[in-house]
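Here's a walk through a protein model, meant to be read with the structure open beside you.

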Amino acid sequence: MFVYEKQLQYPVRIATPNPRMANIIISQYGGPDGELSASIRYLSQRYAMPFPELKGLLTDIGTEELGHLEIVGAMVHQLTRNLTDAQVRAAGFDTYYVDHTQGVYPQAASGAPHTAAFIGVKGDPITDLHEDLAADGAMA
């Protein structure tokens, strides 16, 4: 069960659009090691955990990652709102903009759309936890 508080845990206030930065940050939203993958990863892996405390921990972490997803989405939205055609083209944001305009679409910085192939769920607690560590380490 989830409770939504209708506010960001950490408010995002970006005043100046920057589509180049959005091109990079979008990977943290929907890339292979981004927040969407992390939340699905933890919320899926919890079922194979042998102890209720571990299931609860992965549920808590997965829920926290959903909060991060919302924050990163707000960042991408604020970096790309009210862009002029010239800004879109100059930043190389036109290929994204053609398909999604000001929508926040889960994809990697390379343009690859989010896919379930980004998520490792093997059903073995040790393997799954190693995969989690590897994904989190990729962002450091």
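This is a predicted model: local features need pLDDT of at least 70, side-chain atom pairs count only at pLDDT 80 or more; totals for chains, interfaces and linings use all residues.

The protein has six helices and zero strands, so the pattern you read along the sequence is α-α-α-α-α-α. Taken along the principal axes, the C-alpha atoms fill a box of roughly 55 × 30 × 25 Å. Of the 140 residues, 34% are buried. If you take the contacts with a separation of 6 or more, 72% of them are between residues 24 or more positions apart.

Now for the packing. Two packed helices are described by the angle between their axes and the distance between the axes. Find helix α2, residues 35–45, and then helix α3, residues 52–80. This pair packs at an angle of about 165 degrees, with the axes 8 Å apart. Angles over 145 degrees count as roughly antiparallel, and α2 and α3 are therefore roughly antiparallel to each other. Their crossing is left-handed. On the α2 side, the contact is made by Glu35, Leu36, Ala38, Ser39, Tyr42, Leu43 and Gln45. On the α3 side, the residues include Leu58, Ile61, Leu66, Leu69 and Val72, along with Thr59, Gly62 and His68. By class, this contact of α2 with α3 has nine nonpolar, six polar and two charged residues.

Next, look at α2 together with helix α6, residues 125–137. The angle for this pair is about 165 degrees, and the axes are 11 Å apart. That makes α2 and α6 roughly antiparallel to each other, and α2 passes α6 in a left-handed crossing. Here Arg41, Tyr42 and Gln45 of α2 meet Asp128, Glu131, Asp132, Ala135 and Asp136 of α6. The residues of this contact divide into two nonpolar, one polar and five charged. Tyr42 and Gln45 of α2 turn up in the contact with α3 and also in the contact with α6.

How many salt bridges does a search of the whole structure find? It finds two. In one of them, arginine 41 pairs with glutamate 131, and the closest N and O atoms are 2.7 Å apart. Arginine 41 lies in helix α2 and glutamate 131 in helix α6, so the pair ties together parts that are 90 residues apart in sequence. Is arginine 41 buried or exposed? Arginine 41 is buried, with a relative accessible area of 2%, while glutamate 131 is partly exposed at 22%.

The other salt bridge joins the side chains of arginine 89 and aspartate 85, at 3.0 Å from N to O. Both residues lie in helix α4, residues 85–90, where they are four residues apart, about one turn of the helix. Arginine 89 is exposed, with a relative accessible area of 55%.

One last stop is glutamine 107, whose place is in the loop between α5 (94–100) and α6. What is its relative accessible area? The value is 8%, and under 20% counts as buried, so glutamine 107 is buried. Leaving aside residues up to four places away in sequence, glutamine 107 touches Ile26, Ser27, Gly30, Gly31, Tyr96, His100, Ala112, Pro113 and His114.

Terms used
Residues are numbered from 1 along each chain as its sequence is written. Side-chain values use heavy atoms; hydrogens and water are left out. Axes are lines fitted to C-alpha atoms, for helices over the stretch in contact, and angles run from 0 to 180 degrees between N-to-C directions. Helices (H or I, at least four residues) and strands (E, at least two) are DSSP runs, numbered from the N terminus. Angles under 35 degrees count as roughly parallel, over 145 as roughly antiparallel, 65 to 115 as roughly perpendicular and the rest as oblique. A crossing is left-handed if the near helix is turned anticlockwise from the far one by less than a right angle, and right-handed if clockwise. Contact means heavy atoms within 4.5 Å. Ala, Val, Leu, Ile, Met, Phe, Trp, Tyr, Cys and Pro count as nonpolar, Asp, Glu, Lys and Arg as charged, and the others, Gly among them, as polar. Buried means under 20% relative accessible area, exposed over 50%, partly exposed in between (1.4 Å probe, protein chains only). A salt bridge is a side-chain nitrogen of Lys or Arg within 4 Å of a carboxyl oxygen of Asp or Glu.
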